[in-house]
Amino acid sequence: MKNRMNYYPQFGDAFAKLADLGKLVKESSLGKQLVHLIDLRVSQINGCTFCIDMHVKEAKIDGEKELRLHHLAGWQESPLFTDKEKAAFLWAETLTLISQNHVPDEIYAKVKEHFSDKELVELTMAVTVINSWNRFAIAFRSVPGSLDKMYGLEKAGL
């Protein structure tokens with residue numbers, strides 16, 4: 001894979017704001033661990049290898065258990081996730097694939113059992129931010145691992 005372009009400096013002010021949104025999401029009531037898992041699951045759905053690589057490393061650095069990272073693709077059947085986490089993954093998948101289902105009332109109701117209004121908005125923002133990053137990384141073929149040194153991701157030991 002060859003990087004098509006370093007897109008960040010082409011519209012740096014906008015990407016800085018997107019990065020700020022990501023920081024707000026990580027500091028939200030959702031907690032870093034859930035945000036890492038959301039980032040990873042959405043990136044799996046979108047097939048964004050750059051972001052999968054990055055978010056596995058970030059999650060591992062922040063103490064996420066490796067087996068949970070392996071189970072994430074099959075979260076529905078895994079006993080390693082809480083009901084709240086599973087509701088978050090359902091919401092993330094539904095929003096990422098929004099053109100297929102337009103967020104049915106049943107899914108909204110199921111997710112609302114586990115999240116307050118504020119948390120649901122934070123969760124929606126988390127899904128929105130990672131979907132945005134995925135689109136840029138995929139479109140411009142960002143190379144997995146290419147920013148490890150800049151972001152300190154080599155600490156993951158992967």
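Student: In this predicted model, does Cys 51 count as buried or exposed?

Tutor: The cut-off for buried is under 20% relative accessible area. Cys 51 has 3% relative accessibility, so Cys 51 counts as buried.

Student: Which cysteine sulfur is nearest to that of Cys 51, and how many Å away?

Tutor: Cys 51 is in no disulfide. A disulfide needs two cysteine sulfur atoms within 2.5 Å. The nearest cysteine sulfur belongs to Cys 48, and the distance is 3.4 Å.

Student: How many disulfides does a search of the whole structure find?

Tutor: Cysteine sulfurs must lie within 2.5 Å to count. The search covers the whole structure, and the number of disulfides found is 0.

Student: Is Cys 48 buried or exposed?

Tutor: Buried means under 20% relative accessible area. The value for Cys 48 is 1%, so Cys 48 is buried.

Student: Where does Val 103 lie?

Tutor: Start with the backbone. Most residues other than glycine have a negative phi. Val 103 is not a glycine, yet its phi is positive, near 55 degrees. Val 103 sits in the loop between helix H6 (98–101) and helix H7 (105–112).

Student: What is the phi of Arg 141?

Tutor: Arg 141 is in the loop that runs between helix H8 (117–139) and helix H9 (148–151). Arg 141 is not a glycine, but its phi is positive, at about 50 degrees.

Student: What is the relative accessible area of Arg 141?

Tutor: Partly exposed covers the range between the buried limit of 20% and the exposed limit of 50%. Arg 141 counts as partly exposed because its relative accessible area is 38%.

Methods: Residues numbered from 1 in each chain as written. Predicted model: local features only at pLDDT ≥ 70, side-chain atom pairs only at ≥ 80, totals over all residues. Heavy atoms only, no water. Buried < 20%, exposed > 50% of the residue type's maximum accessible area, 1.4 Å probe, protein only. Helix = DSSP H or I, 4+ residues; strand = E, 2+ residues; numbered from the N terminus.
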